[in-house]
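Let's take a walk through this structure together. Keep the viewer open and follow along.

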Amino acid sequence: MSLHPIVERFLQGSLPEPMGMTLVGGGLPVPTRDLLQALAHAALQETPYTARALECLGSMPESMLAGALLDPMEPPSPLQLVLCHRKEPALLEEALLNPSLTAEIVEASVPSLPGKVLEIVLNNQVMWMERPTILDLLEVHPEGEYVIKRRVNEFRFDVLRLVPEEVKKERLEILDEVEAGHLDKAWAELPLPKEKSKEEAEAEIESEELAAERRLLAQKPLVDDQGQEIVLTLSQRVARLRTNQKIMLAIKGGKEERTILIREANRLIQVNVMRNGRITEGEVAYIAQMRTVNDEVLRIIAGNREWMKKYPITKALVLNPRTPLPLAMTHFKRLLESDMKLLVKDRNVAELLRREAKRFLEQKALGKG
């Protein structure tokens, strides 16, 4: 079936820009199915028309779109447009059941879909057999129910034979523990274990001094920033994870997971703990005084204005011998006089920092006099 001549010219790039803007704004009398082709062409890639096209799509009535999605579409790109930029379950169901749907479109759309329609994707075995990545996307989808994640793992083993039996068992056990409330919900979104990449391996290289400090720390009970001991079984479970899984858990995990992972030797894991949106100021103050964290972690803390407004964090950062000297020199003047006197006596910190703190106290005393 041929397209409207104006739409054809737009797709070929021969339509003047003002007329193209009018077209993707819905201001020209073209059939809805043809307009969707123009909108998909404009919105699914970076073009001058993108914002206007998305605005037009968002304003189209659901009934109008549903009618246009009933029959096969060629090319099928409007299906991806609807799946990525509309949220009505009935409309999305129409798009997901359209006979022109491709595995490529499904793969590109899964992250944008609401949880209510994920089961339709999971039930389309033809699609995820063609592109197994679809299962990976379903498993880590933040709105995916545990039953979805469980079936993903079963399909990987029973249908695709992609996962060894022991991996499947452990994954299903984790999902059961999450559903029962024994593990943080972030565990349900862990990716499949992968071999360590070159970058991940390099991120574990540390000085002998730091390694010795870490070995000493390992001999002490594992406690959080409140001094509460971490359950050993959780620590053992984290230890069994691969690096790629620990990184994901660092980004999304709960307080206990963060407490365990910040002690890892791998710089990438430590850095991603600091990027966790659930991290608290108490945890940041606790981490700022740790002598086993990477310099980059301390730089991240120092670079966060909101954190550095909190005195316990500033104090911990300045008094930490691991803090890069320029950062400590920048913030030491904010210490209370009693803490600055401790700094002067602390032989673990840099000599230059101690001298500057002593000079500052002397000048302050003279000023008072």
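What follows goes from the whole chain down to single residues.

A quick word on ground rules: this is a predicted model, so local features need pLDDT of at least 70 and side-chain atom pairs count only at pLDDT 80 or more, while totals for chains, interfaces and linings use all residues. Residues are numbered from 1 along each chain as its sequence is written, and side-chain values use heavy atoms, with hydrogens and water left out.

Start with the overall build. The protein chain has 26 helices and zero strands; helices here are DSSP runs of H or I with at least four residues, strands are E runs of at least two, and both are numbered from the N terminus. The radius of gyration is 28 Å, well over the 21 Å that the globule rule gives for 369 residues, so the chain is more spread out than a compact globule. That radius is taken over C-alpha atoms, and the rule is 2.2 Å times the number of residues to the power 0.38. Along its principal axes, the C-alpha trace spans about 90 × 55 × 35 Å. Buried residues make up 45% of the 369, where buried means under 20% relative accessible area, exposed over 50%, and partly exposed in between (1.4 Å probe, protein chains only).

Now zoom in on helix α19 (residues 267-274). Seven of its eight residues are buried, so α19 is largely enclosed by the rest of the structure. The buried ones are L268, I269, Q270, V271, N272, V273 and M274. N266 caps the N-terminal end, with a side-chain oxygen 2.8 Å from the backbone nitrogen of L268. That is a polar contact: a pair of N or O atoms within 3.5 Å, where within protein one must be able to donate a hydrogen and the other to accept it, and residues adjacent in sequence count only if both atoms are side-chain atoms.

N266 and L268 also turn up among the contacts of E200, together with E195, T243, N244, I247, once neighbours within four places in sequence are left aside; contact means heavy atoms within 4.5 Å. E200 sits in helix α14 (residues 198-202). A salt bridge needs a side-chain nitrogen of Lys or Arg within 4 Å of a carboxyl oxygen of Asp or Glu. What E200 does have is a polar side-chain atom 3.0 Å from the backbone nitrogen of S197.

In one of them, D136 and R156 meet at 2.7 Å, N to O. This pair links distant parts of the chain, with D136 in helix α11 (residues 133-139) and R156 in helix α12, 20 residues apart. R156 is buried at 1% relative accessible area, whereas D136 is partly exposed at 33%. Another bridge pairs E208 with R215 at 2.9 Å between the closest N and O atoms. Salt bridges that share partners also join D136, E139, R156 and R171 into one network.

One last stop is the backbone at P75. A cis peptide bond joins E74 and P75, with omega about -5°, and P75 lies in the loop between α5 (62-68) and α6 (77-85).
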